Amino acid sequence: MTEPRALAYADYPLPEPGPDGILVEVLRANVCGSELHIWNGKHPVKKRGGLGHEMVLRVVAFGDRRTTDNRGVPLAVGDRIVCTYFQTCQRCPQCLGGQYNLCDNAYQFFGRQPEEAPHFHAAFATHYYVHPLQNVYKVPDEIPDAVAAGANCALSQVFYGIDQIQVQQDETVLIQGAGGLGLYAIAVAKERGARVIVVDAVPARLAQARAFGADHVIDINDLPSLEDRERAVAKLTGGRGADVGIEVAGVPAAFAEGLRLVRRGGRYLVMGNLSPGATVPFDPGYVTRKSLTIRHVDRYEARYLWKALTFLVEHGSKYPLDDLVDAEFSFDEIELALEKSLNREVTRAVITIAG
């Protein structure tokens, strides 16, 4: 991306992997909400450069010291892998304090421009270079490419977040947003034994939410006022409100609304609003009187990528994961994929790069 809403294609020589590096071919790359923030010029830092970070990959070459994945499983040329799009440096104050998801150097390579060697820093490319401090896991054979591509970021993110907010059996979980993260959140919450309510304004997304097992859906078009939605949630929860709220809508107004829909003493997980600068009215006294616990989660611990793959093996057959992607685009249609996603003409797009 040369500037917001403008793409250019560039050719670079494939790098030789260093002793702990891996050169991979990109099979498929998803269009994540983060890409849309960058594409629309709303990202606080990234205004140009490579796009894409949800991906499934095929090993082309690896260094002589990087012969296994992070579980110790041997790697061979041709193996399918997934990797974290960020690194964990293990030396910054956050890493040393055990907050690995908040590594100060997480985007040391993801943030580089394409002209900087080894050039292949992002997923919307024919190849990608995996650096030594990125976690890598071999993809189990039973997980197809279309499903594996979303393990990094979407599924790993909600898996980690739901662990942080400690969703329990028989709790009611309200999910704001039925995009990729919201649908994965339904699956993870249902496997915890929770009841799930989903709020969205796109009928196709609400239909997917039902297919993923949501117990109830609330269409914003049918209930246009916050007061209407409050009453609907109260009716579904015996007048109490949800035990847990999960914001994955990426809309600032959803944060303020979520505080109203969670019960007194409830918990609220915020993951969708990640671009600073947009504000909403916030009443700290109201939150105190309700004794809410609010947890904001950025990224995830790298080990959750393996937990996500394990979840897909153990539970994936219960959910219509193949239907998560409703539009496929070729490598020369990336701009079209981004525009259609931004305009909500498609729910979740994938770019098929290598055969």
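In this predicted model, the second largest pocket has a lining of 25 residues, and those nearest its centre are Ala8, Tyr9, Ala10, Pro114 and Phe124. The largest pocket has 50 lining residues.

**Second largest pocket**
- The second largest pocket holds about 610 Å³ of space.
- Its lining divides by class into 14 nonpolar, 7 polar and 4 charged residues.

**Largest pocket**
- The space in the largest pocket comes to about 1200 Å³.
- Gly33, Ser34, His37, Gly272 and Leu274 are the lining residues nearest the centre of the largest pocket.
- Four helices each contribute at least two residues to this lining: α1 (33–39), α4 (151–165), α5 (180–191) and α11 (334–342).
- The most is given by α1, which supplies 5 residues.
- By class, the lining of the largest pocket is made up of 22 nonpolar, 19 polar and 9 charged residues.

**Packing of α4 and α10**
- On the α4 side, the contact is made by Ala151, Asn152, Leu155, Ser156, Phe159, Tyr160 and Asp163.
- On the α10 side, the contact is made by Tyr304, Leu305, Lys307, Ala308, Leu309, Phe311 and Leu312.
- The contact of α4 with α10 has 10 nonpolar, 2 polar and 2 charged residues.

How values were computed
Residues numbered from 1 in each chain as written. Predicted model: local features only at pLDDT ≥ 70, side-chain atom pairs only at ≥ 80, totals over all residues. Heavy atoms only, no water. 1 Å grid on protein atoms, 1.4 Å probe; cavity = no way out; pocket = protein on both sides within 12 Å on 5 of 7 lines; lining within 4 Å. Points joined across faces, edges and corners; volume = space filled by probe spheres on them. Nonpolar A, V, L, I, M, F, W, Y, C, P; charged D, E, K, R; others polar. Contact = heavy atoms within 4.5 Å.
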